[in-house]
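Hi everyone, thanks for coming. Have a look at the screen.

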Amino acid sequence: MREINVQEIETAVASLLVRANKILPDDLRGCIACGKKAECEALPKQIMGSLLENLEAAKELDIPICQDTGMAVLFFEIGQEVHITGGDFEAAVNRGVAKGYTEGLLRKSVVRDPLDRVNTEDNTPAVIHTRIVPGDKIHILAAPKGFGSENMSQMKMFTPSAKAADLEDFVVQVARDAGGNPCPPMVLGVGFGGDFEFCAYLAKKALCRPVSVRNENPFYAEMETRLLERINALGIGPQGFGGKTTALAVNIEVAPTHIAGLPAAVNIGCHVTRHAEMTL
């Protein structure tokens, strides 16, 4: 049995959220650079160049890459041989969120209630997902999520009679409906299967997979490629001004489901679909 103090978790959460908000994963930055090269028209090429300049400016000035520093979403894989000591786990996670957003000078966007809209002033509470896994380590994945893209996400409960083509059409329609609202070029996390809430979880988790990695199942890997081509053919383009680069990647995750259902969810991420991870 290995002991990990909640202070370590608090510190790690704070660090990861600041890092995720200031540094875009290299593979995603590479997709933006490739998108710039792919554009033929002057305006979309210029916009893609401006997105790259923004990333460099954020790095140079040590500031967030987007003004919406998101709601803190955290995925924990906790080894079953870990003993967490020193206090309450979720309280420590939220202290880490508060520390990261306050000391990191990140915008605080969380309200305490969906209707009274009073800001909590420290971006807590976080959305926390935990899994118990073999081993004696804790893996933390931080994914701050802005709501310009989150608001464009959709879910649909298909019946088992739906075909792969129906699911693909749904994903493309979600991108079409989103238009320029989620600050394209976007990343689409897609979930198929599970039940109502787990399907949405799959879509959110799919956004955290490196955009350079395709689904390990060749059937879904081919679907990812096909969907990316179809979405880019919509012509929405960078920031919605037209062009070839509407999406940077489509990531699909799947799970077993009930014989009577076929849930599908699309979680949209903007061109700065942020995430950072660490193992304690």
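Let's start with a pair of helices: α2 passes α3 in a left-handed crossing. By left-handed I mean that the near helix is turned anticlockwise from the far one by less than a right angle, and right-handed means clockwise. Before I go on, this is a predicted model, where local features need pLDDT of at least 70 and side-chain atom pairs count only at pLDDT 80 or more, while totals for chains, interfaces and linings use all residues. Residues are numbered from 1 along each chain as its sequence is written, and side-chain values use heavy atoms, with hydrogens and water left out.

Helices here are DSSP runs of H or I with at least four residues, strands are runs of E with at least two, and both are numbered from the N terminus. Back to our pair: the axes of α2 (residues 26-38) and α3 come within 8 Å and cross at roughly 150 degrees. Those axes are lines fitted to C-alpha atoms, for helices over the stretch in contact, with angles from 0 to 180 degrees between N-to-C directions. The two helices are therefore roughly antiparallel to each other; that word covers angles over 145 degrees, with under 35 being roughly parallel, 65 to 115 roughly perpendicular, and the rest oblique.

Who touches whom? On the α2 side we have R29, I32, A33, G35, K36 and K37, and they meet K45, M48, G49, L51, L52, L55 and E56 in α3. Contact means heavy atoms within 4.5 Å.

Staying in α3, which spans residues 42-61, we find I47. Is I47 buried or exposed? I47 is buried, at 12% relative accessible area; buried is under 20%, exposed is over 50%, and partly exposed is in between, using a 1.4 Å probe and protein chains only. Leaving aside neighbours within four places in sequence, I47 is in contact with P238, Q239 and F241. I47 and G237 are 190 residues apart in sequence, yet 9.6 Å apart in space, C-alpha to C-alpha.

Now over to α1 and α4 (residues 89-103), whose axes come within 7 Å and cross at roughly 40 degrees. That makes α1 oblique to α4, and this crossing is right-handed.

K22 sits in α1, which covers residues 6-22. Here is a lysine that is buried, with a relative accessible area of 14%. What does its side chain pair with? The side chains of K22 and D62 are joined by a polar contact of 3.2 Å. A polar contact is a pair of N or O atoms within 3.5 Å; within protein, one must be able to donate a hydrogen and the other to accept it, and residues adjacent in sequence count only if both atoms are side-chain atoms.

Last topic, the backbone. Most residues other than glycine have a negative phi, and most peptide bonds are trans. With that in mind, the peptide bond from T124 to P125 is cis, with omega near 0 degrees, and P184 and P185 are joined by a cis bond with omega about 15 degrees. L105 has a positive phi, near 55 degrees, lies in the loop between α4 and β4 and is exposed at 70%. C183 also has a positive phi, about 55 degrees, and counts as partly exposed at 32%.

That's my tour, and I'm happy to take questions.
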